[in-house]
Amino acid sequence: MIALLEARKAGLYKLSNWPRNVVAGLVVGVVALPLSMAFAIASGARPEQGIYTGIIAGLLVTLFGGSRVQIAGPTGAFIAVLAGITAKYGIDGLQIATLLAGLMLLAMGLLRMGGVIRFIPAPVIMGFTAGIGVIIFTGQWAYFLGLPQPTGELFHQKFWSTLQSLGSTHWPTVLIGGFSLFILIAAPKVRWLQRVPAPLIVLIIATLLQTIFRFDGVATIGSAFGGIPQGLPSFEWPALSFDKVTLLIAPAFTIAMLGAIESLLSAVVADRMINTRHSSNQELIGQGIANIVVPFFGGFAATGAIARTATNIRNGGDSPIAGIFHALLLVGVIVALAPLAYNVPLASLSAVLFIVAWNMSEIPRVWTVLKRAPAADRVILVVTLLLTVFVDLVVAVNAGVILAILQFLRRMAQSVRVRTIEEDASFRLSRVEGPLFFAAVGMLESAAHGLPSGVKLWVLDLSRVSFADDTALQALEDVVKIAQQKDCKIVLADANDMVLKKLRSYGVLKRLGKNGYLKNLSDIETLKVAVNTHHEPLVATSSVSA
């Protein structure tokens, strides 16, 4: 609702603003039609279920989401996950997983977790999206080449099964698929065709060819699914049970996480294009509502679609009006034009998905990262990509994030320094620079072990320590012990309020003894004199006792 209200405040519902938003919505609806059917088929669902998803999710995200130009529906990013769920649990399982994912997304939005998604590093996102692109591309070979559907559950099993069946290639199917792919690549380069969505051109031409020539053995929506039912979906309660819910919690979490990432990335792209700012939490709420409702009307998981959202903006869309008319066009198609989809060749839809896979993979960008990025980022990208393809998306994202965290900790630990600022035969002043946390404690211990035997007073300036965790505080105690074994007194100085509070609560100041902490480094001279004359240091009012 935030996006609707903001659009109203911005005056975007004025009559003068309607024409360009209506046109943008209709154009996006035309783009969404073949994509919705293609994504549905690739996900193991029927083609009309993709259209239902585009209608319901598209409308609900427009009404309840956090971006006024977001276009939602089935997307290529979901294909690898949804196809696996459908193969294992059936279409009912897919719809239950979608419902559960919607509840998770709604909870994430209500708990204001929209900002958490920003913490997933770019190499991880690039890795799993490129991996999904690989899965989509290879998964469409059977439809594109007219082969039997591959057997096996894992990627390498399906890939090997496809390779073994290449001898059964159906050449009329290949010709239609190849011609469709050629149009998809060439049409955007022809000036007078640039305003017409290339997938729509392919859909029309390929369907006309099959209708006129009736190529024997070419799989179509009619031959594979019996056509598309004419009319809107009816309400139907998913076959919920405790056992199914338990089994589908993990797949639902995958859908929720991927949906959150994809939708918020799409919203960020939209913000950059039209100079707006979306509400990430409201966007998750809108996505949650959409995914809760859509299974009751025959649909499946949906999220914000980056390409369709960008198409909306490029064609003049700047308000929720465009999203509403996108959904209305799909309603018109399913109500009035559904029978025309009977002769749509599946090979032409596979060609559309080839382009989607290429765009998702961002191969030029991945190649640039592999050539120029730091070695750690390259490893994270490659590991995430390979795990996405050969194991599982959840494992891939978890492993990628863990690797990224470990790399971040390594870099943070390397940034911590213990610098000697001043010293003489019996005194040393060292400044600790950087956060004191578990991965950086080795710096302190090394500095303590490196103290010369004649040093009687060691002052640690903490003015540049932003925070300290429990492990670092425990390490400080160990450093005190090491120094005491060398007959050296340690004094801490100039910590910020947060660090000082932790030093007190953890008992470090108590272990340091009287005058073990200085507020002001100017009192160092008094300490040096006292230590050199073998008196207990007596520091004036600037000292803090334990």
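Helix 16 and helix 17 are oblique to each other, and I would like to start there, bearing in mind throughout that what we are looking at is a predicted model. Helix 16 covers residues 363–372 and helix 17 covers residues 375–390, and their axes come within 8 Å while crossing at roughly 140°. With angles over 145 degrees counting as roughly antiparallel, that crossing at roughly 140° is therefore classed as oblique. As for its hand, the crossing of helix 16 and helix 17 is left-handed. On the helix 16 side the contact is made by V366, V369 and L370, and on the helix 17 side by R378, L381 and V382. Sorted by class, the residues in this contact of helix 16 with helix 17 are 5 nonpolar and 1 charged, with no polar ones.

Helix 17 also packs against helix 5, so let me turn to that pair, for which helix 5 covers residues 122–139 and the two axes come within 7 Å, crossing at roughly 35°, because two packed helices are described by the angle between their axes and the distance between the axes. The crossing of helix 5 and helix 17 is right-handed. Helix 5 contributes P123, V124, M126, G127, F128, A130, G131, I132, V134 and I135 to the contact, while helix 17 contributes D377, I380, L381, T384, L385, T388 and V389. In terms of class, the contact of helix 5 with helix 17 divides into 12 nonpolar, 4 polar and 1 charged residues. If you compare the two lists, you will find L381 of helix 17 in the contact with helix 16 and again in the contact with helix 5.

Next, the aromatic side chains. A search of the whole structure finds 12 aromatic pairs. One of them is formed by F235 and F297, which sit edge-to-face at 5.6 Å centre to centre, with 75° between the planes. F235 lies in the loop between helix 10 (221–225) and helix 11 (242–274), and F297 lies in the loop between helix 12 (280–293) and strand 2 (303–304), so this pair ties together parts that are 62 residues apart in sequence. F235 is exposed, with a relative accessible area of 51%, whereas F297 is partly exposed, at 24%.

A further edge-to-face pair is formed by F437 and F438, with 5.6 Å centre to centre and 85° between the planes. Here F437 counts as buried, at 5% relative accessibility, whereas F438 is partly exposed, with a relative accessible area of 45%. There is also an aromatic cluster, made up of F137, W141, F144, F155, F159, F354 and F390.

Which residues does M412 touch, leaving aside its neighbours within four places in sequence? The contacts are with P435 and F437. M412 itself is partly exposed, with a relative accessible area of 24%.

Two other residues deserve a brief stop. S280 lies in helix 12 and counts as buried, at 18% relative accessibility; apart from neighbours within four places in sequence, S280 is in contact with G114, G115 and L264. L457 lies in strand 5 (residues 457–464), and at 0% relative accessibility L457 counts as buried. The C-alpha atoms of L457 and A425 are separated by 10.0 Å, and these two residues are 32 residues apart along the chain.

Finally, the backbone. Most residues other than glycine have a negative phi. D494 lies in the loop between strand 6 and helix 21 (497–505), and at 32% relative accessibility D494 counts as partly exposed.

How values were computed. Residues are numbered from 1 along each chain as its sequence is written. This is a predicted model: local features need pLDDT of at least 70, side-chain atom pairs count only at pLDDT 80 or more; totals for chains, interfaces and linings use all residues. Side-chain values use heavy atoms; hydrogens and water are left out. Axes are lines fitted to C-alpha atoms, for helices over the stretch in contact, and angles run from 0 to 180 degrees between N-to-C directions. Helices (H or I, at least four residues) and strands (E, at least two) are DSSP runs, numbered from the N terminus. Angles under 35 degrees count as roughly parallel, over 145 as roughly antiparallel, 65 to 115 as roughly perpendicular and the rest as oblique. A crossing is left-handed if the near helix is turned anticlockwise from the far one by less than a right angle, and right-handed if clockwise. Contact means heavy atoms within 4.5 Å. Ala, Val, Leu, Ile, Met, Phe, Trp, Tyr, Cys and Pro count as nonpolar, Asp, Glu, Lys and Arg as charged, and the others, Gly among them, as polar. Rings of Phe, Tyr and Trp (its six-membered ring) pair if their centres lie within 6.5 Å; planes under 30 degrees apart count as stacked, over 60 as edge-to-face and the rest as tilted. Buried means under 20% relative accessible area, exposed over 50%, partly exposed in between (1.4 Å probe, protein chains only).
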